[in-house]
Amino acid sequence: MQTRVLFFGKLKELAGAAEQSVELRSGATISDLFDRFAHETPALASFRSSVVASRNQEFAPWTTVLEPGDEIAFLPPVSGG
Amino acid sequence: MTLSPNDDLVFLGRDSIAADVLIRHVRQAHNGAVVTFDGCVRNHSHSRTTLYLEYEAYESMALEKMHEIAASLHTLFAIDSVAIAHRLGRLEIGETSVFIAVSAPHRKAAFEACRHAIDTLKKTVPIWKKEFFEDGGVWADGELPPVPAATPAAKPAS
């Protein structure tokens with residue numbers, strides 16, 4: 001299952017790319033997806049408690065099960081205004 | 001720049017914000033008040049001198065969240081019309097980064113709605129600010145948006 005993953009702000013710098021595409025097993029959750037990146041980039045792991053995820057542009061809990069074609073984004077604390 | 005069903009104006013982009021256009025958009029004959037919020041780039045942060053700021057956004061989601069804020073104001077307050085604009089890219093000291101205008105028949109609702117709009121924007125819209133000082137850039141501290149609770153799984157994982 002192919003999933004498009006976006007990183008923003010500080011997370012983009014840590015992940016080294018704004019956008020990646022990953023292949024995941026069916027039934028994988030947003031948490032599984034983050035763990036995959038955190039395993040490759042340990043600096044991301046230490047930020048997990050300061051990250052929220054979105055699925056198809058809606059904030060989504062870590063336990064959300066991914067569907068084919070989902071657009072997932074990992075977002076650091078927002079600081080607009 | 002996009003218009004909502006309520007004829008609210010929502011803008012997210014790199015061009016400078018034309019506050020007068022936003023005010024004219026919300027101002028109508030049946031209003032008794034127009035309240036505006038002008039968020040501008042401050043020349044310091046925690047006693048350090050700020051040189052300039054850079055804003056980035058998850059643009060499609062940010063625009064959607066800004067529309068949600070505008071729509072929610074009509075539900076929560078007795079207002080007429082809303083305009084919300086946020087800049088992206090590099091902003092110099094003194095420039096407007098965010099501008100909100102709310103019109104209403106009476107001032108109380110306009111004040112409250114404008115305050116609610118900027119407070120909600122700062123908590124829920126996926127926009128990030130990097131502050132540049134003489135010794136480099138730092139992502140500003142922000143707020144973690146609230147996330148809806150997980151819906152219980154149909155059956156526990158085995």
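Biologist: How do you know that residues of chain B are in contact with chain A, and how many are they?
Modeller: Two residues are in contact if their C-beta atoms, placed from the backbone, lie within 7 Å. By that rule, 28 residues of chain B are in contact with 20 residues of chain A. Helix 2, strand 9, helix 3 and strand 10 (127–133) of chain B each supply at least two residues of this side. This is a predicted model, in which local features need pLDDT of at least 70 and side-chain atom pairs count only at pLDDT 80 or more, while totals for chains, interfaces and linings use all residues. Residues are numbered from 1 along each chain as its sequence is written, and chains are lettered from A and ligands numbered from 1 in the order in which they are written.

Biologist: By class, which residues has the side of chain B that touches chain A?
Modeller: There are 17 nonpolar, five polar and six charged residues on the side of chain B that touches chain A. Nonpolar here covers Ala, Val, Leu, Ile, Met, Phe, Trp, Tyr, Cys and Pro; charged covers Asp, Glu, Lys and Arg; the others, Gly among them, are polar.

Biologist: What pattern does chain B follow along the sequence?
Modeller: The order is β-β-α-β-β-β-β-α-β-β-β-α-β-β, with three helices and 11 strands in chain B. Helices (H or I, at least four residues) and strands (E, at least two) are DSSP runs, numbered from the N terminus. The C-alpha trace of chain B spans about 55 × 50 × 25 Å along its principal axes. Of the contacts in chain B with a separation of 6 or more, 74% come from residues 24 or more positions apart.

Biologist: What makes the span of helix 3 of chain B agree with what it should be?
Modeller: The expected span is 1.5 Å times one less than the number of residues. Helix 3 (residues 107–124) of chain B has 18 residues and should span 26 Å; its end C-alpha atoms are 26 Å apart, so the two agree.

Biologist: Which residues in helix 3 of chain B are buried?
Modeller: They are Ala109(B), Ala110(B), Ala113(B), Cys114(B), Ala117(B) and Leu121(B). Buried means that 20 or more other C-beta atoms lie within 10 Å of a residue's own; exposed means 12 or fewer, and partly exposed is in between, with C-beta atoms placed from the backbone. These six cover an arc of only 130° around the axis, which puts them on the same side of helix 3 of chain B. The arc is that of the directions from the helix axis to the C-beta atoms. Their cover includes strand 3 (33–40), helix 2 (59–76), strand 7 (81–87) and strand 9 (96–104) of chain B.

Biologist: Why is strand 7 of chain B called mostly covered?
Modeller: Seven of its seven residues are buried. Ser81(B), Ala83(B), Ala85(B) and Arg87(B) point one way and Val82(B), Ile84(B) and His86(B) the other way.

Biologist: In which sense do strand 2 and strand 7 of chain B pair?
Modeller: Strand 2 (residues 9–13) and strand 7 of chain B pair in the parallel sense over five bridges, and Leu9(B) stands opposite Ala83(B). Strands pair if DSSP finds at least two bridges between them, so five is enough. Strand 7 and strand 9 of chain B pair in the antiparallel sense over six bridges, with His86(B) opposite Val98(B).

Biologist: Which residues have the most contacts inside the largest nonpolar core?
Modeller: Met66(B), Ile84(B), Val102(B) and Ala113(B), in a core of 60 residues. The largest share, seven residues, comes from helix 2 of chain B. Such a core is a set of buried Ala, Val, Leu, Ile, Met, Phe, Trp, Tyr and Cys residues joined through C-beta atoms within 7 Å. Not counting residues up to four places away in sequence, Ile84(B) touches Val10(B), Met66(B), Ile69(B), Ala70(B), Ile100(B) and Ala117(B).

Biologist: Why is strand 5 of chain A called largely enclosed?
Modeller: Four of the five residues of strand 5 (residues 71–75) of chain A are buried, so the rest of the structure largely encloses it. Four bridges join it to strand 1 (residues 2–7) of chain A, running parallel, and Val5(A) has Ile72(A) as its bridge partner. Strand 3 (residues 52–55) of chain A pairs with strand 5 of chain A in the antiparallel sense over four bridges; there Arg55(A) stands opposite Ile72(A).

Biologist: How do you know whether Glu40(A) is buried or exposed?
Modeller: Glu40(A) has 11 other C-beta atoms within 10 Å, so it is exposed. Glu40(A) is found in helix 2 of chain A, whose buried residues are Ile30(A), Leu33(A) and Phe34(A).
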